[in-house]
Amino acid sequence: MKYLYYPGCSLESTAREYDMATRAMMHALSVELIEIPGWTCCGATAAKAVDRRLALAMPAVSLALAETVDSAADILVPCSACYLNLKQVYQIAAADPRTLAEINEILAAESLHYSGKVRPRHILDILAKDIGPTGILQQITHSLSGLRVAPYYGCQCLRPYRVFDDPEAPTSMDALLAAAGANLHPWSMAARCCSASHMTTNPDVSKELVFRILKSARGADAIATVCPMCQMNLEGHQGWISSCYGEDVRIPVYYLPQLLGLAMGIPARDLGLNAKSARTAALSD
Amino acid sequence: MNRKQQTPQAWIRPEQPDTALERVREKVRTCIQCGTCTGSCPNAFAMDATPRKLWRLVLMGQSREIFESRTFALCSDCYCCTLRCPRGLALTDAMADLKQIAAAGKHGGDAACTAFYSAFLQSARRYGRVQETRLMARYLAVMTPRRPLMPFRFSGLGMQMIKKGKISLRRPPAGRSLKGIFARIESMKDGQ
Ligand code: SF4
Ligand code: SF4
């Protein structure tokens, strides 16, 4: 199996371990990743809050660059926000030729063109559909049995496009974690928004949502996530939030490929896990 | 316009037509005010006008009330309302439209959001990619005079990330700049 790879800005800085774990896990699964040369920022939530054309053109640049490599390929995208931005342009290309023409008029400034062929897919989609729980199961050497995990999907890998899972009650991650031997924490917060985009600009709103999610994860040993925004939002402010509400809601938040990678016997160091807390060290022993 | 001569439905027209609102109004034209959007919105508890009320205000062209509210600025793009609206309306896109109108300076908008988005896009324009720690530094430099306590909350997260070896202070690796794209869009500016 072979995919083009769009890491996105976060995976080069604050979410470096997501990049490491994704590459290590895909390598162990004999999946080849070809990083899109010269890829650029997808615009995140900023572009669509400022300018409609910018929100279309920024993801389109990377789609156009991907087509110069292999226009028949799928792009693997680990970040849910990047995925949604790329996916939106892909959908427009299929359904709205006028807007696609407008996008290409902008891309022409960089001598680029997007024909709408190359298709962005979320990493969870690829893990759930192309590799599947059976594909994971075949590679398991260190079962996660005894570890209780709360699978957290968040928003943008599920909505608004129904691609690989139910946007209200998703289960794709559950099957993968179960294949790795983990126990699942039953909860109703799996598809709730964590309001990551507000943590910087309206923290009092965001902290309320994060608190509710963390509180409902109580009883689990860890949360599994498939988005760098969710990971940082759910894990990065736990001390502050615990003290705001006078309740200890701290819990480690791992990337799905880190947990699957551990179960596949990939050394913790290669999954970026040495960079984590003492509780992680215990987990990887 | 003489109000007395208007058709019975005319009361849903704005008193002073706001052309910027037109594309938003088009998106929510068939809203039946059922409130599913409000009931689904994780941020509704913090909004001054609920999403349902906001769509009503859009239909009534109440620009001032719309743009004085924090409602659209507090939309976190979760697409719950879009997924559940029984009329199938593109509500998350409509929220983005309102953010764009505010950002274009036609109306107010949330100061913190504006500062953050402009720092973000500046970085993307110049380097093609955004280096998050630099972005935060720039954002805090703009915001601190207004909200002096802000950096303290992030310093904890910053220390934690340095300990974990997550923070890299190097420039974003070579992508390509987006200057050409930004310039082309600038030159096209006129009715979004
Ligand atoms: S869910 Fe749709 S129809 Fe119902 S109030 Fe909201 S916008 Fe209107
Ligand atoms: S997309 Fe925005 S308005 Fe709609 S439910 Fe989510 S946060 Fe609320």
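In the predicted model, ligand 1 sits in the second largest cavity, where sitting requires more than half of the atoms of a molecule to lie within 2 Å of the grid points. Cavities and pockets were defined on a 1 Å grid over the protein atoms alone: a cavity is a set of points where a 1.4 Å probe fits but cannot get out, and a pocket is an open set with protein on both sides within 12 Å along at least five of seven lines, with lining residues having an atom within 4 Å of a point. Ligand 1 is surrounded by 14 residues, the closest being B:Cys31, B:Cys34, B:Gly35, B:Cys37 and B:Cys85; a residue is near if one of its heavy atoms lies within 4 Å. Helices H2 (36-40) and H3 (51-59) of chain B each supply at least two residues of this shell; helices (H or I, at least four residues) and strands (E, at least two) are DSSP runs, numbered from the N terminus.

The second largest pocket has a volume of about 780 Å³. Among its 30 lining residues, A:Leu56, A:Gln88, A:Ile92, B:Lys27 and B:Asp93 are the closest to its centre. H6(B) gives the most to this lining, with 6 residues.

In chain A, 4 strands form an open parallel sheet in the order E6-E5-E7-E8, pairing being assigned if DSSP finds at least two bridges between two strands. Strands E6 (183-184) and E8 (253-255) of chain A stand at the edges with a single partner strand each, so one side of each is left without a neighbour in the sheet. E5 (residues 148-151) of chain A is joined to E6(A) by 2 bridges, and A:Val149 stands opposite A:Leu184 in E6(A).

Residues are numbered from 1 along each chain as its sequence is written, while chains are lettered from A and ligands numbered from 1 in the order in which they are written. Local features need pLDDT of at least 70 and side-chain atom pairs count only at pLDDT 80 or more, whereas totals for chains, interfaces and linings use all residues; side-chain values use heavy atoms, with hydrogens and water left out.

Terms used
Points joined across faces, edges and corners; volume = space filled by probe spheres on them.
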